[in-house]
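Please keep the sequence and the structure in view while reading.

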Amino acid sequence: MKKIYFVRHCSADGQHKDSPLTSAGIRQAGELANFFNEINIPVDIILSSPYLRAVESIKPYAEMIGKTIIKDERLKERILSEDPVEDWVEALNNSFLDNSYKLAGGESAKDVVARSIEVLQRIYKDTSINNAIVVSHGNLLSHLFNQYDEKFGFEQLKELRNPDIYLLQLDHNGQFYNMECVWKPR
């Protein structure tokens, strides 16, 4: 089985790309490192959104195992709109109802899934990668999860925690096998 651990970043001080982790987020990053250390899997690659909160979330574990974090722009948070959105909750919900729904200057769910799937192709095709960690953001991850489980929608997005970890398993042919939440905060 090929395993991909999808990590939603820890608690951060804002939504800007350079927003740092809060003090609780720093503690959570340590808990993530402990989680991955305890499950003791040989991690072949760590890919992350370039946003500071994503990188800082996995940095303690990457340092613990001596792995480089590969930042990939395609894992950055979804751009909902270039302009302020009066009811962004409704806009997010609409994007689950219609994957082509897009606000001015924003990305549709279809757009964000397309760019995230490009990143995953590297993992799918590389036979030397058996265990991967991918760190990103709730909006992107929830639309990606919807590709594997159509029941994963707007309500499940609202239930995602900071941090959260979902394990996607692929069989030896690279076909979807299973997806489950594996993060059990202490």
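Helix 5 (residues 138-148) is largely enclosed by the rest of the structure, because 9 of its 11 residues are buried. Buried here means under 20% relative accessible area, exposed means over 50%, and partly exposed covers the range in between, with a 1.4 Å probe and protein chains only. The buried residues of helix 5 are Gly138, Asn139, Leu140, Leu141, Ser142, His143, Leu144, Phe145 and Tyr148. Helices (H or I, at least four residues) and strands (E, at least two) are DSSP runs, numbered from the N terminus.

The model is predicted: local features need pLDDT of at least 70, side-chain atom pairs count only at pLDDT 80 or more, and totals for chains, interfaces and linings use all residues. Residues are numbered from 1 along each chain as its sequence is written, and side-chain values use heavy atoms, with hydrogens and water left out.

The protein contains 6 helices and 6 strands, and along the sequence these follow the pattern β-α-β-α-β-α-α-β-α-α-β-β. Its radius of gyration is 16 Å, close to the 16 Å that the globule rule gives for 186 residues, so the protein is as compact as a globular protein of that length. This radius is taken over C-alpha atoms, and the globule rule is 2.2 Å times the number of residues to the power 0.38. The C-alpha trace spans about 45 × 40 × 25 Å along its principal axes. Of the 186 residues, 47% count as buried. Contact means heavy atoms within 4.5 Å; among contacts between residues at least 6 apart in sequence, 66% join residues at least 24 apart.

Aromatic rings form a further theme. Rings of Phe, Tyr and Trp (its six-membered ring) pair if their centres lie within 6.5 Å; planes under 30 degrees apart count as stacked, over 60 as edge-to-face and the rest as tilted. By this rule the count comes to 10 aromatic pairs. The rings of Phe35 and Phe36 have centres 5.2 Å apart and planes at 80°, so this pair is edge-to-face. Phe35 counts as buried at 15% relative accessibility, and Phe36 is buried with a relative accessible area of 0%. The rings of Phe145 and Phe152 also form an edge-to-face pair, because their centres are 5.2 Å apart and their planes stand at 85°. Both Phe145 and Phe152 are buried. Ring pairs link Tyr5, Phe35, Phe36, Tyr61 and Trp183 into a cluster.

Helix 1 (residues 23-39) holds Gln28, which is buried with a relative accessible area of 10%. Leaving aside neighbours within four places in sequence, Gln28 is in contact with Cys10, Ser11, Asn162 and Pro163. Asn34 also lies in helix 1 and is partly exposed at 33% relative accessibility. The C-alpha atoms of Asn34 and Tyr61 are separated by 7.6 Å, although the two residues are 27 apart along the chain.

Two backbone details remain. Most residues other than glycine have a negative phi, and most peptide bonds are trans. The peptide bond from Asn162 to Pro163 is cis, with omega near -5°, and Pro163 is placed in the loop between helix 6 (154-159) and strand 5 (164-170). Asn40 has a positive phi of about 50° although it is not a glycine. Asn40 is found in the loop between helix 1 and strand 2 (45-48) and is exposed, with a relative accessible area of 63%.
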